[in-house]
Protein chains: 2
Amino acid sequence: MDISSEYLAHEILDVVPIIMRTIRREMRSHRGPDLSVPQYRAMNFIRNHPGASLSGVADHVGLTLPSTSKLVDGLVGRGLVIRQESELDRRRVDLKLTQQGDSILVAAYQHTQACLARMLTGLSPGDREEVIAAMGVLRPVFSPVTEEAAPGEEHE
Amino acid sequence: MDISSEYLAHEILDVVPIIMRTIRREMRSHRGPDLSVPQYRAMNFIRNHPGASLSGVADHVGLTLPSTSKLVDGLVGRGLVIRQESELDRRRVDLKLTQQGDSILVAAYQHTQACLARMLTGLSPGDREEVIAAMGVLRPVFSPVTEEAAPGEEHE
DNA sequence: TATTGTTATACTCTATAACTATA
DNA sequence: TATAGTTATAGAGTATAACAATA
């Protein structure tokens, strides 16, 4: 009764997207209607990399520099991000979240966690241990080596 | 040593998006560069609901009817989808994948499954059982009641 | 000369409004 | 009159090209 890697992959491909759909829906419901997905992703990156450059954000969200510049314009205009000239290299801009920007991300995360927790209330102690164990097994398999995890990682 | 629902939710929120990032990246790499995300999602829906109406696709991908009409135009123009007038109600259009459209989705799925399987080769028999068990626990928790699962479900 | 970022312009995507055809 | 879908027009978002400022 060996379990093949192919069957494992099949099960993961079956279940993970289903879970992700709930995560996305709940994140989205608290993102506010006026915040696009790329803007939300940019804010998450800035949250995990305070003082990030515009190029860093552009790389992460996968947009060109001009597009990212305009995207950040919108976030600055709404008071969610601070853009200030770097001290060391005056070509660069340092990006940080405002407290309001941070609050939006934290609230979205907490809302989603609470929603998932409610859905999981029916699980037995044995089921819970199984899930925790599996997450512990899968985390190192899929963790990118270059990046640290953080509360506001990718959800879109 | 009870495991709280909140902690469970936290672990899932930590690991599932990390796995999803790999799934998305691999799916995308075989989607072909000329197929947008909404088009890809529309094709998956049509694959799982052969003969679907335009309205059904629009509901699923979350676009308006006019936008979906144009989106399907592109898929029909590239020979990936067949659009034909319904026999029963001549206002409706029945949508189906062409064999080529189907092949693209199948290839993307198989490529992704193979990639994940390679990443999972290092897991011990015990780890594998743990993961399979956890997927079995989580599937009914997050499965939508109205929809059946299928090979080409959501990946974007 | 190379790098960081912005401005100018064009194109794609999506939405709202108006319309056609069928029920 | 209501419903399924298309066509017309307008507004976001994104890309490429050209530019300004700094290293």
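Helices (H or I, at least four residues) and strands (E, at least two) are DSSP runs, numbered from the N terminus. This is a predicted model, in which local features need pLDDT of at least 70 and side-chain atom pairs count only at pLDDT 80 or more, while totals for chains, interfaces and linings use all residues. Residues are numbered from 1 along each chain as its sequence is written, chains are lettered from A and ligands numbered from 1 in the order in which they are written, and side-chain values use heavy atoms, with hydrogens and water left out.

**View 1. Chain A and its order of elements.** Read from the N terminus, the elements of chain A follow the order α-α-α-α-β-β-α-α. That gives chain A 6 helices and 2 strands. Along the principal axes, the C-alpha atoms of chain A fill a box of roughly 60 × 30 × 20 Å. Chain A has 156 residues, of which 46% are buried (buried means under 20% relative accessible area, exposed over 50%, partly exposed in between, with a 1.4 Å probe and protein chains only). Contact means heavy atoms within 4.5 Å. Of the contacts in chain A with a separation of 6 or more, 59% are between residues 24 or more positions apart.

**View 2. The interface of chain A and chain B.** Chain B and chain A each bring 53 residues to the contact. The size of an interface is often given as the accessible area lost when the parts come together. Between chain B and chain A the buried area is about 5800 Å², and carbon and sulfur atoms give 74% of that area (buried area is the accessible area, 1.4 Å probe, that two parts lose on being put together, summed over both). There are 4 salt bridges between the two chains, a salt bridge being a side-chain nitrogen of Lys or Arg within 4 Å of a carboxyl oxygen of Asp or Glu. One salt bridge joins the side chains of Glu11(A) and Arg139(B), at 2.7 Å from N to O. Between chain B and chain A, 12 residue pairs are in polar contact, both residues at pLDDT 80 or more. A polar contact is a pair of N or O atoms within 3.5 Å; within protein, one must be able to donate a hydrogen and the other to accept it, and residues adjacent in sequence count only if both atoms are side-chain atoms.

**View 3. The side of chain B that touches chain A.** On this side, the elements that give two or more residues are α1 (5-29), α5 (99-119) and α6 (125-142) of chain B. With 20 residues, α1(B) gives the most. By class, the side of chain B that touches chain A has 31 nonpolar, 9 polar and 13 charged residues. In this division Ala, Val, Leu, Ile, Met, Phe, Trp, Tyr, Cys and Pro count as nonpolar, Asp, Glu, Lys and Arg as charged, and the others, Gly among them, as polar.

**View 4. Ser5(A) and its contacts in chain B.** Ser5(A) belongs to helix α1 (residues 5-29) of chain A. Its relative accessible area is 9%, so Ser5(A) is buried. Not counting residues up to four places away in sequence, Ser5(A) touches Ala117(B), Leu120(B), Thr121(B) and Arg128(B).

**View 5. The protein surface near DNA strand D.** A residue is near a molecule or strand if one of its heavy atoms lies within 4 Å of it. Around DNA strand D there are 20 residues, of which Ser67(A), Leu54(B), Ser55(B), Ser69(B) and Arg91(B) come nearest. At least two residues of this surface come from each of α4 (65-77) of chain A, α3 (54-61) of chain B and α4 (65-77) of chain B. The surface has 8 nonpolar, 5 polar and 7 charged residues. Sugar or phosphate accounts for 66% of the atoms of DNA strand D within 4 Å of the protein, and bases for the rest.

**View 6. Phosphate oxygens of DNA strand D.** A polar backbone atom of Leu54(B) is 3.3 Å from a phosphate oxygen. For Val93(B), a backbone N or O atom lies 3.0 Å from a phosphate oxygen.

**View 7. Val81(B) and Thr98(B) in contact.** Val81(B) is part of strand β1 (residues 81-85) of chain B, and at 4% relative accessibility Val81(B) counts as buried. Leaving aside neighbours within four places in sequence, the contacts of Val81(B) include Met43(B), Ile46(B), Val72(B), Leu95(B) and Thr98(B). Thr98(B) sits in the loop between β2 (93-97) and α5 of chain B and is buried, with a relative accessible area of 16%. The side chain of Thr98(B) reaches the backbone oxygen of Gly79(B) at 2.7 Å.
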